[in-house]
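This report covers side-chain packing and backbone angles. Look through the sequence and structure first, then read on.

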Amino acid sequence: PPPPVLRPRPPDARLGLDDTLRAHRPTLILCVCMPPRTDWTRSFRRSPTVLEYLLIGPRDSERSGDLRITWGLPSSPFEAGSKEMRAPEYEKAGFVRRNLDALSAVCLGTDDAPGRVGVNG
């Protein structure tokens, strides 16, 4: 017999992010173009089922996520030397950052134009 076809349940648009994570219990999250200055990764890390998340979009920028919470970078010159900035939140939660340069090179984004593709990182 043919292998069974997996049909995931469609997300419920009425649920917020945390409720969606609880309802669907993902182990891997692919997050494409998180809104500017908005962080979803804190919710990803707090979800007990999430083992890994992949952020696709401009990195180390508030064009995708939040400088401090998402990327572990100071959001102002005053934060640069503070004790809070010593370890990014993702490290404190046991996650490791790996830049995927080959993937970044083929991502199209808002800064792309003819002759200028893959410059989002």
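Tyr53 is buried, because its relative accessibility of 15% falls under the 20% cut-off. Phe95 also counts as buried, at 15% relative accessibility. The model is predicted.

The structure contains two aromatic pairs. In the pair of Tyr53 and Phe95, the ring centres lie 5.3 Å apart and the planes meet at 50°, so the pair is tilted. This pair joins distant parts of the chain, 42 residues apart. Tyr53 sits in strand S2 (residues 52-56), and Phe95 in the loop between helix H3 (89-92) and helix H4 (101-106).

## The nonpolar core

The largest nonpolar core has nine residues. Phe44, Tyr53 and Phe95 belong to it, along with Leu21, Ile29, Cys31, Met34, Val50 and Tyr90.

What does Cys31 touch, leaving aside neighbours within four places in sequence? Its contacts are Trp40, Phe44, Leu54, Leu55 and Ile56.

## Positive phi angles

Most residues other than glycine have a negative phi. Cys33 has a positive phi, near 55°. Cys33 lies in the loop between strand S1 (28-32) and helix H2 (41-46). With a relative accessible area of 46%, Cys33 is partly exposed.

Asp60 is not a glycine, yet its phi is positive at about 55°. Asp60 is placed in the loop between S2 and H3. Its relative accessibility is 34%, so Asp60 counts as partly exposed.

Note on methods
Residues numbered from 1 in each chain as written. Predicted model: local features only at pLDDT ≥ 70, side-chain atom pairs only at ≥ 80, totals over all residues. Heavy atoms only, no water. Core = buried A, V, L, I, M, F, W, Y, C linked by side-chain atoms within 4.5 Å. Buried < 20%, exposed > 50% of the residue type's maximum accessible area, 1.4 Å probe, protein only. Contact = heavy atoms within 4.5 Å. Phe/Tyr/Trp six-rings, centres within 6.5 Å; stacked < 30°, edge-to-face > 60°. Helix = DSSP H or I, 4+ residues; strand = E, 2+ residues; numbered from the N terminus.
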